[in-house]
Amino acid sequence: VQEGPAVRLFWDPGPERDLRGYRVERAVGDGGWATITPDPVSDPLFRDPDVRVGQRVRYRVLAEDGAEPPNVSEPSEEVVVVVAADPVSGTIP
């Protein structure tokens, strides 16, 4: 969901009891994936302020557990957001 000049992501929490947190990955356009959370986030939401108007941004989330080294899930289905100048009207320059 675009929230002003940022994108807010929400997802269903994982049911695993040993869940440590979530990694959020972003790709701009057709570029490669990059992890944008330096540490796993504990809540099933994340706000990404590093987007630009007109960008097509793709996101996916991976869960990780508390093992050392952590086990990491397969990535979620990706979500695509095209960042609008006016998120209410969807205006893109």
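Is Tyr 22 buried or exposed? Tyr 22 is buried, with a relative accessible area of 4%. Buried here means under 20% relative accessible area, exposed means over 50%, and partly exposed is in between, with a 1.4 Å probe and protein chains only.

A word on the source. This is a predicted model, where local features need pLDDT of at least 70, side-chain atom pairs count only at pLDDT 80 or more, and totals for chains, interfaces and linings use all residues. Residues are numbered from 1 along each chain as its sequence is written, and side-chain values use heavy atoms, with hydrogens and water left out.

Now the overall layout. The protein has zero helices and seven strands. These are DSSP runs numbered from the N terminus: helices are H or I with at least four residues, strands are E with at least two. The C-alpha atoms fill a box of roughly 45 × 25 × 20 Å along the principal axes. Of the 93 residues, 31% are buried.

Four strands make an open antiparallel sheet in the order 4-3-6-7. Strand 4 (34-35) and strand 7 are its edges, each with a single partner strand, so one side of each has no neighbour in the sheet. Two strands pair if DSSP finds at least two bridges between them. Strand 3 and strand 6 are antiparallel and share nine bridges. Along that pairing, Val 28 has Val 57 of strand 6 as its bridge partner, and Leu 19 has Asp 65 of strand 6. On to strand 7, residues 79-82: four bridges join it to strand 6, again antiparallel. There, Tyr 59 partners Val 79. How many residues of strand 6 are buried? Eight of its 10, so this strand is mostly covered.

There is also an open sheet of three strands, order 1-2-5, with antiparallel pairing. Its edges are strand 1 (2-3) and strand 5 (45-48), each with a single partner strand, so one side of each is left without a neighbour. Strand 1 and strand 2 are joined by two bridges. Gln 2 stands opposite Val 7 of strand 2.

Back to Tyr 22. The structure holds one aromatic pair. Trp 11 and Tyr 22 form it, edge-to-face, at 5.3 Å centre to centre and 75° between the planes. The rule: rings of Phe, Tyr and Trp (its six-membered ring) pair if their centres lie within 6.5 Å; planes under 30 degrees apart are stacked, over 60 edge-to-face, the rest tilted. Trp 11 sits in the loop between strand 2 (6-10) and strand 3 (19-28), and Tyr 22 in strand 3, so the pair ties together parts 11 residues apart in sequence. Trp 11 counts as buried too, at 16% relative accessibility.

Arg 58 lies over the face of Trp 33, 4.8 Å from the ring centre. The test asks for NZ of Lys or CZ of Arg within 6 Å of the ring centre and within 35 degrees of the ring normal.

Last, the largest pocket. Its space is about 160 Å³. Trp 11 turns up again in the lining, with others including Arg 8, Phe 10, Tyr 59 and Glu 77. Strand 2 and strand 6 (56-65) each supply at least two lining residues. A pocket is an open set of points on a 1 Å grid over the protein atoms alone, where a 1.4 Å probe fits, with protein on both sides within 12 Å along at least five of seven lines; lining residues have an atom within 4 Å of a point.

Notes. Points joined across faces, edges and corners; volume = space filled by probe spheres on them.
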